[in-house]
Amino acid sequence: MQVRILGAHNSQSRTTGLISILVDGVVCVDAGSVTTALTLEEQRQVRALLLTHRHYDHIAGVATLGMNRAGTEAVAVFAPAEVLEELTAHVINGTLYPRFDERTSLGEATLALTAVEALRAFDAAGYRVVATPAPHGVPAVGYQVTGPDGASVFYTGDTMGGLDAAWEAVSPDLLIAEVTLPNRLRGTSKHMAAADLESELVRCKELKGALPRVLVVHMTPAHEEEIRREVAMVGQRLGVDVGLAEEGMTVEVLPGPSKGGVSPEAVEGLRAVVAAAEQKAALRMLRDLSGQFAEWGSGRLGTGELRRRIGDFHAATHQPARMSAQELVQRAARLLHGGQMGKDEVPEALRREVELQGEVWYGGTH
Ligand SMILES: [Zn+2]
Ligand SMILES: [Zn+2]
C-alpha cells in the first residue's frame with residue numbers, strides 16, 4: 001500500500017496544505033487538498049472519498065472535486081450522516097455550488113453520498129474500511145483503511161484523544177495521528193498536543209502490544225517547529241518512529257506479521273520458491289532446503305554447494321528452474337537474514353501466503 005500525504009496541516013499557505021491522505025491513488029481520506037495537490041487526471045483516478053467531519057480544513061476540496069469529475073463515474077463519498085447533511089445544506093447546496101450529489105447542468109451526479117457509522121466496517125473501492133469514534137466536539141470519526149495486500153493505515157481524524165474504542169477496533173501498519181497544538185497550549189481546543197499523543201500511544205501499546213510507525217498531521221503551521229521537537233521526544237521516550245508528515249510525502253506500508261501477512265519481498269521470495277516447486281513433495285523438500293539456506297547463512301555450507309543442492313531441488317521436483325540458482329540464493333538470503341523470518345518460519349509463512357492468496361498451490365489444482 002502506498003500512502004501519499006496531499007496535505008498535512010490545519011491551515012493553508014504556499015507551503016502548507018489542508019489535511020488529505022491518498023491511499024494507492026484510489027481512496028482519499030479527507031478532502032482538504034484533494035484538488036489542490038492532484039492533477040485533473042489523478043483526481044479522476046480517485047474512487048472513494050472518506051470524510052472525517054465537517055470542519056473546513058477536511059472538506060475544502062469536495063465541491064471542486066465534484067466539479068472536476070463531471071462526465072466520469074461518481075466518486076463514492078463516505079461520511080457520518082450529519083456531515084453529509086451539512087455538506088448538502090451549506091456547501092454543495094445549489095447556491096454556493098451545484099448539488100453534485102444529484103444531476104446538474106454539467107451532467108450526472110459526480111458525488112455518491114453514503115452515510116457511515118462508527119465501528120461498522122464497509123467496502124470502499126475494494127478497500128476494507130472501519131470508521132472509528134473520534135471525540136472532537138462535533139460528529140467525527142477516524143478511519144482505518146486496509147488494502148487488498150493486507151496492509152492497513154489508521155488515521156485518527158481530528159480528536160482531543162480518548163481513543164480507546166478506536167484502538168480496540170484497529171490494527172494498523174501505519175498510524176497517522178493529529179497533533180495540532182504545542183504542549184503549552186494543550187487543552188485550549190478540542191485537539192491533541194504531543195503529550196496527548198503520548199498518552200494515546202501508551203494506551204495503544206497496552207491494548208495492542210506494539211506500536212507501528214507514527215506520522216503526525218494537522219499541525220498548526222505557526223507552531224510546527226515546537227510540535228516537531230515535542231513529538232520527537234515522544235518517539236524517543238517510547239522507542240517508536242514518530243515524525244511529522246509533510247506535503248508530497250509518500251510512505252510504502254507493508255502488512256505486518258500480526259495479520260499473518262508477510263512483506264512483499266518475502267512474498268516474492270516465497271513465490272519464487274513455490275514457482276520452482278511442485279505439489280506436496282515440494283513442501284517437504286522446501287523444509288530441507290530452508291535448513292540448508294540457514295546452514296549456508298551461518299557459514300557451515302559453501303555457496304557452491306548450496307547452488308548444487310538447489311539444482312538438485314529443481315531436478316527432483318521436475319520443474320524447470322524458473323530462476324537461476326544465483327537469484328534464488330540472493331532471495332533466500334534476503335528472506336532469512338533480512339529480519340523477516342527465521343528458517344523455521346519459512347514453510348509456515350508459505351502456508352500463510354497460500355491462505356492469503358486464496359489459491360491452492362499444494363495437493364490440488366494450481
Ligand atoms: Zn481540522
Ligand atoms: Zn476539526
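Student: Which residues of helix 4 (residues 81-90) are buried?
Tutor: V83, L84 and L87 are buried in helix 4. Keep in mind that this is a predicted model.

Student: How do you know that the buried residues of helix 4 line one face?
Tutor: Look down the axis of helix 4: its buried residues fall within an arc of 100°, so they line one face of the helix.

Student: And what covers the buried residues of helix 4?
Tutor: The cover includes helix 2 (56-59), helix 3 (62-68), strand 5 (75-80) and strand 6 (111-116).

Student: Staying with burial, why is D30 called buried?
Tutor: The cut-off for buried is 20 or more other C-beta atoms within 10 Å. D30 has 32 other C-beta atoms within 10 Å, so D30 is buried. You will find D30 in the loop between strand 3 (27-29) and helix 1 (40-45).

Student: Why is L119 called partly exposed?
Tutor: Exposed needs 12 or fewer C-beta neighbours, buried needs 20 or more, and partly exposed is in between. L119 has 14 C-beta neighbours inside 10 Å, so L119 counts as partly exposed. L119 sits in the loop between strand 6 and strand 7 (121-124).

Student: What makes the phi of D30 worth a remark?
Tutor: Most residues other than glycine have a negative phi. D30 is not a glycine, yet its phi is positive, about 65°. L119 is not a glycine either, and it has a positive phi of about 70°.

Student: Which residues meet where helix 6 packs against helix 7?
Tutor: From helix 6, A194, L197, E198 and L201 meet I227, E230, V231, V234 and L238 of helix 7. By class, that contact has 7 nonpolar, no polar and 2 charged residues.

Student: How many helices and strands does the protein have?
Tutor: There are 12 helices and 14 strands. Of the 366 residues, 44% count as buried. Among contacts between residues at least 6 apart in sequence, 62% join residues at least 24 apart.

Terms used: Residues are numbered from 1 along each chain as its sequence is written. Chains are lettered from A and ligands numbered from 1 in the order in which they are written. This is a predicted model: local features need pLDDT of at least 70, side-chain atom pairs count only at pLDDT 80 or more; totals for chains, interfaces and linings use all residues. Two residues are in contact if their C-beta atoms, placed from the backbone, lie within 7 Å. Helices (H or I, at least four residues) and strands (E, at least two) are DSSP runs, numbered from the N terminus. Ala, Val, Leu, Ile, Met, Phe, Trp, Tyr, Cys and Pro count as nonpolar, Asp, Glu, Lys and Arg as charged, and the others, Gly among them, as polar. The arc is that of the directions from the helix axis to the C-beta atoms.
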